[in-house]
Amino acid sequence: MTLFHHGSVRPKGVRRLSAVIVAGVMAIASVLVAPRPAVADTPWLSVSEDGYVSISVPAAYIEANVGQVSQVAVEGNFGPSSAWAEYGLTRRGDVWWGALGPLKPGLYYYQVTGDDTKGLKDPTNSTTVASKPLWSTFLVSGDSARLLADVPEGQGGKVEILAYRVKKEERSALVWTPAGYSAKGGKPYPVLFLQSGTDRSATDWLDLGRAKQILDNLSAQRSMEPMVVVITDGRGADDDKDLKDLRKAVGDAYRVHRDREHQAIAGVSEGGSQALRAALTGPGQFAYAGSFSGLLTNGVDRAKANAANRNLKLVRLYTGNVTDPAYNATVRLTKALKHAGVRYEFDGVNPDAGANWKAWQENLIDFVPRLFRNVANHGPSAGHGPLKGEFTPPPAGTTPTPFVSEGGFVTFETTTDFKDAKHVTVWANDAPGGSWLRIPMSREGDRWRVTVGPLDPWFYYYQWIVDRVSVKDTSNPTKVTSEPNWSSFFIPGERSRLLSDVPAGQGGKVESLTYRSTVANADRTALVWTPPGYDAKRAHPYPVLYLQHGSGQSYTDWVEMGRAKQILDHEFLDGKLVPMVVVMGNGNVSDFNKELLDNIVPAARAHYNVSSDSSQQALAGLSMGGVQTLGVLKAYPGRFAYIAAFSAWFGDGTGVDVEAINKGTTMLRLYVGDVTDFVQPFFMSSLTTMKDLGIRYEFDGVTPGPHGWDVWQKNLIDLAPRLFKR
């Protein structure tokens, strides 16, 4: 079936807290009050227990609020490494629809956008992000996200607003106090100063970082020392005067220790850099420092190393994978710290996150339990890896593209043809299950570039979307005949072994077969795979599989996109495949039954040593080709002993000869994708119809993935070894 792709916008700049105290308090207060009620009854977005997201946006609402649009997308942190990505919706009647997943447990944030620039807040989701008025959030529950969930009501800490003055300027901060905190009596609490960075708001630590939930849960589990946590936006944190005034304000307003031994500082991005500068260049203020994707690369010297080592109990560094701008900065910082002789700890490279709140949530979870107490484990978090030197993609203009780096990271780069473009994305099957996301690219000189990953070993295809227009990557020599703007690339690995090329000379052959179509009244072409050692004069003709494509595709797609040759080659060499011939014909005709039986099949028998015995013939197809396959089954039961349909449906049972189907069909095997495969409801209805009719069939179970090649490749991998063995 034709694949849909639509446009949207990349996230806008973050609105910082106002310098005016009233505006600042109002901005922070917006996250402390009860959520406003939804203005619409039917949710636009729903999440299943297993992490699938269904989206249905009323077209009328969009038109009423932003006018007519040609494309609608849901933008959010759905991409690889939780990168910001655009998921295009499909217009279905009066709604824009889509389904995505399964998403890993965690917090997700999103907005709806039409035609790249017209953003909308989901009015059916009462969650808010103070710094991003158009964003909403939702939580996918699961064990790995349990610390992001709300604690039972009444058992958590409190978040308050603290106003203070710096150089005659009014500022504000957020302050979390643990459950049971009292301003009067008892021992003072240690304090952590947690910064959001100059390009983010303090409220982001609550709305996106889930800091309150994390602190509440860690505190309830007794996994952290009781402490007060002060959250700021990080402005001027490298200014000793600012820190001094903030620390004094906190000391005056809360029952906290004022000495270095009980003070910690940490932050994200530039906030992490500021935390390191405060700790390393001004020893004596903090005993603990944490940098979450910090960008500090210098400012550490031997002269201050002894003082730093004497006064600092912990310096711990965190970074995401190579998509994190802090990755290279961390490589350089670790070298600088070693050269200066400063003791530090490194949490290891987070393999599954870049510079985003998913990573920083995990950083906070790891960092806080290490404060103001002795811990035994000083190594990296589980699953985190070592730094392997700086990550440097090839210079601009290097071809062919894309550039596939170690670990499955892929760098896409355009030519200079789009230097004046406003919005460029790379559209690829890199979402969960093989769904299609558009990752915004960044302008670098007169080109656009982005690095995504890690991608699992598999076969990928993509195109540029330039200001809502589909464009081919002309620097990639691969082609897809039926989709001229598509290109492809391959990531090797055990998971993708069956999709890789076998060693030269060991595989079968793919040849073109020209035949006369009496239906189309033209000469047409099929592709034919013959197994290694194929013998045109063998006494016993080969079994034959007629394998059909879907709508919007043609006879070339099973080879160019389905990797049929690679799959069949491997399974034959693995000893799983009965030697057979596979014929991939052109199903784009008004009468497929006639085309198949009067044209394709006779041509295959005339040119290849294939059987005419029904027990040695199989017919399979995907989507439209699957519907055609089931149509042949109904019209000519028993003509093909083996029948398979991928992401298709049977239709009603009118006129179906059930007895003939059951008697003449050795195997009827059916496949479908998960809920992101839009034909699944029709498919499931077909199963009920066939069961009620009494037709014997096999259902492979749901194949994870959408209505796309990731699913159909897996279907062929399962089907081919089952043929002609019964």
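Contact means heavy atoms within 4.5 Å. The structure under study is a predicted model.

**Exercise 1. Helix packing**

Task: Determine how helix α12 is oriented relative to helix α13, and which residues meet in their contact.

Solution. 
1. Two packed helices are described by the angle between their axes and the distance between the axes.
2. For α12 (residues 592–607) and α13 (residues 624–635), the axes come within 9 Å and cross at roughly 75°.
3. Angles of 65 to 115 degrees count as roughly perpendicular, so α12 is roughly perpendicular to α13.
4. On the α12 side, the contact is made by F592, N593 and L596; on the α13 side, by Q628, G631, V632 and A635.
5. The residues of this contact comprise four nonpolar, three polar and no charged.

**Exercise 2. Salt bridges and their exposure**

Task: State how many salt bridges the structure holds, and classify the residues of the pairs E170 with R165, E494 with R497 and R669 with E698 as buried, partly exposed or exposed.

Solution. 
1. Side chains of opposite charge can pair when their charged atoms come close. The structure holds 32 salt bridges.
2. The classification needs two cut-offs: buried means under 20% relative accessible area and exposed means over 50%, with partly exposed in between.
3. In the salt bridge of E170 with R165, the closest N and O atoms are 2.1 Å apart. E170 has a relative accessible area of 23% and is therefore partly exposed; R165, at 48%, is also partly exposed.
4. The side chains of E494 and R497 meet at 3.8 Å, N to O. With 63% relative accessibility, E494 is exposed, whereas R497, with 28%, is partly exposed.
5. Between R669 and E698 the closest N and O atoms are 2.8 Å apart. R669 belongs to strand β33 (residues 667–673) and E698 to strand β34 (residues 698–703), so this pair ties together parts that are 29 residues apart in sequence.
6. R669 is buried, at 7%, while E698 is partly exposed, at 22%.
7. R669 and E698 also belong to a network of salt bridges that links them with D700, D718, R722 and R726.

**Exercise 3. The eight-stranded sheet**

Task: Give the strand order of the open sheet of eight strands, identify its edges, and locate the helices that lie across its strands.

Solution. 
1. The order is β10-β11-β13-β12-β14-β15-β16-β17, with mixed pairing.
2. β10 (158–166) and β17 (345–349) each have a single partner strand, so they stand at the edges, and one side of each is left without a neighbour in the sheet.
3. Neighbouring strands are turned by 20° against each other on average, direction ignored.
4. β16 (residues 314–319) pairs with β17 in the parallel sense over three bridges; V349 in β17 is the bridge partner of T319.
5. Helix α6 (residues 270–280) lies across β12, β14, β15 and β16, running at about 150° to β14. Helix α8 (residues 326–340) lies across β16 and β17, at about 150° to β16.

Terms used. Residues numbered from 1 in each chain as written. Predicted model: local features only at pLDDT ≥ 70, side-chain atom pairs only at ≥ 80, totals over all residues. Heavy atoms only, no water. Axes fitted to C-alpha atoms, helices over the stretch in contact; angles between N-to-C directions. Helix = DSSP H or I, 4+ residues; strand = E, 2+ residues; numbered from the N terminus. Parallel < 35°, antiparallel > 145°, perpendicular 65-115°, else oblique. Nonpolar A, V, L, I, M, F, W, Y, C, P; charged D, E, K, R; others polar. Salt bridge = Lys/Arg side-chain N within 4 Å of Asp/Glu carboxyl O. Buried < 20%, exposed > 50% of the residue type's maximum accessible area, 1.4 Å probe, protein only. Pairing = 2+ DSSP bridges.
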